[in-house]
Amino acid sequence: MNIPFRRVTADPQPFVLEKNGARLEGTLRKYRSGLVLLEATMQGSLGVDCYLCGDSFAIMPDEKVEFLISDGVFHGQDETYDVVEMHDGTIDLDEVFDSEIALIESDYHACPKCR
């Protein structure tokens, strides 16, 4: 799902994405010029590998996801949010969702047998 930056307003715009049992639900709204605030929750089920024995098992993420999306290179600093840069004038929510899934999957997870 691609959303042009110019279509994001100060009013929160809801979105829902689902992939492989995980769900990202939230809103996008204009934060300030060239920046959009994404506020969402990731829930559902994700398959991960145990870092101790290598067995696959499912986890149930319930995480709050908040960051700014910049239309192009971000020069500056924000005290509250991390900033993700997008470079083609659109917000690629599928890329954002894939990145959040990869971030969770890359963490160290211990299966119930190894805990």
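I started at Tyr108, which is exposed at a relative accessible area of 64% (exposed means over 50%, buried under 20%, partly exposed in between, with a 1.4 Å probe and protein chains only). Tyr108 sits in the segment after helix 1; helices here are DSSP runs of H or I with at least four residues, strands are E runs of at least two, and both are numbered from the N terminus.

Before going on, I noted that this is a predicted model, where local features need pLDDT of at least 70 and side-chain atom pairs count only at pLDDT 80 or more, while totals for chains, interfaces and linings use all residues. Residues are numbered from 1 along each chain as its sequence is written, and side-chain values use heavy atoms, without hydrogens and water.

I looked up the strand order and got 2-3-4-7-8, an open sheet of five strands with mixed pairing (two strands pair if DSSP finds at least two bridges between them). Strand 2 (13–19) and strand 8 (83–86) are the edges, each with a single partner strand, so one side of each lacks a neighbour in the sheet. The twist averages 30° from one strand to the next. For angles, I used axes fitted to C-alpha atoms, for helices over the stretch in contact, taken from 0 to 180 degrees between N-to-C directions.

**Pairs.** I went through the antiparallel ones.
- Strands 2 and 3 are joined by seven bridges, with Lys19 opposite Ala22.
- Strands 3 and 4 pair over ten bridges; Arg29 has Leu37 as its bridge partner.
- Strand 4 (residues 35–44) and strand 7 (residues 63–71) share eight bridges, and Leu38 stands opposite Phe67.

**Turns.** I checked phi in both hairpins. Between strands 2 and 3 there are two residues, and Asn20 in the turn has a positive phi of about 50°. The hairpin of strands 3 and 4 also has two residues between the strands, and there Gly34 takes a positive phi near 80°.

**Gly21.** Which residues does Gly21 touch, leaving out those up to four places away in sequence? I found Gln43, Gly44 and Ser45, with contact meaning heavy atoms within 4.5 Å. Gly21 is in the loop between strand 2 and strand 3 and counts as exposed at 52% relative accessibility. Its C-alpha is 8.8 Å from that of Gly47, 26 residues apart along the chain.
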